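Colleague: Hi! Could you walk me through this one when you have a minute?

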Amino acid sequence: MKITFLTVGKTEDAYLKEGIDKYVKRLKHYTKLELVELNELKNTKALSAEQQKAKEAEMILKKINQLDYVVLMDEKGKEYSSTQFAAYINKKEISSSANLIFIIGGPYGFDQSVYQRANDKISLSRMTFSHQMVRLFFVEQLYRAYTIIKGEPYHHE
């Protein structure tokens with residue numbers, strides 16, 4: 001199974017990039033992971049939030065094919081503990097989803113067309129985090145999930 005982590009916008013802060021790179025490098029031992037950063041929209045002052053979400057949706061949907069299993073990282077999604085998330089990942093691997101795509105949208109969330117295409121929604125927390133930080137938290141949790149699946153000592157219970 002291949003995992004794609006698709007984000008709207010690039011990670012700008014060096015300390016976050018460094019942390020993301022650390023976990024992406026570690027994840028290479030467990031899975032094929034591709035990071036896809038879509039360009040942020042330019043000149044958005046004249047656009048409403050709905051218009052921005054619609055334009056971002058066009059970019060997102062172009063990166064998804066019919067067979068992909070799409071998971072939105074969304075504040076209204078299901079919350080998992082780390083061990084539950086590991087079980088979720090393991091189940092997706094066993095069911096041989098060819099490509100599992102996790103998506104972080106733009107600052108206003110997702111357009112309805114993206115929600116309609118999604119197979120699932122997951123929330124990292126009921127708290128609100130910056131889109132930049134969520135990227136680091138997600139790749140760390142993905143790494144943690146694989147260490148739990150493999151029975152390695154990274155995760156403590």
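Predicted model: local features only at pLDDT ≥ 70, side-chain atom pairs only at ≥ 80, totals over all residues.

Colleague: Great. How much space lies in the largest pocket?

Modeller: About 440 Å³.

Colleague: And which residues lie nearest its centre?

Modeller: Those are Met73, Asp74, Glu75, Phe129 and His131, out of 23 residues that line the largest pocket.

Colleague: Which element gives the most to that lining?

Modeller: That is β3, with four residues. At least two residues each come from β3 (69-79), β5 (120-123) and α5 (131-149).

Colleague: Okay, switching to α3. How far does α3 reach from its first C-alpha to its last?

Modeller: It reaches 18 Å over 13 residues, 82-94, which is close to the 18 Å expected at 1.5 Å a residue.

Colleague: Which residues of α3 are buried?

Modeller: Ser82, Phe85, Ala86, Tyr88, Ile89 and Lys92 are buried. Looking down the axis of α3, they fall within an arc of 160°, so the buried residues line one face of the helix.

Colleague: What do those buried residues pack against?

Modeller: They pack against β3, β4 (99-104), β5 and α5.

Colleague: Last one: which residue with a positive phi follows α3?

Modeller: Serine 96 does, and its phi is near 50°.

Methods: Residues numbered from 1 in each chain as written. Heavy atoms only, no water. 1 Å grid on protein atoms, 1.4 Å probe; cavity = no way out; pocket = protein on both sides within 12 Å on 5 of 7 lines; lining within 4 Å. Points joined across faces, edges and corners; volume = space filled by probe spheres on them. Expected span 1.5 Å × (residues − 1). Buried < 20%, exposed > 50% of the residue type's maximum accessible area, 1.4 Å probe, protein only. Arc of directions from axis to C-beta. Contact = heavy atoms within 4.5 Å.
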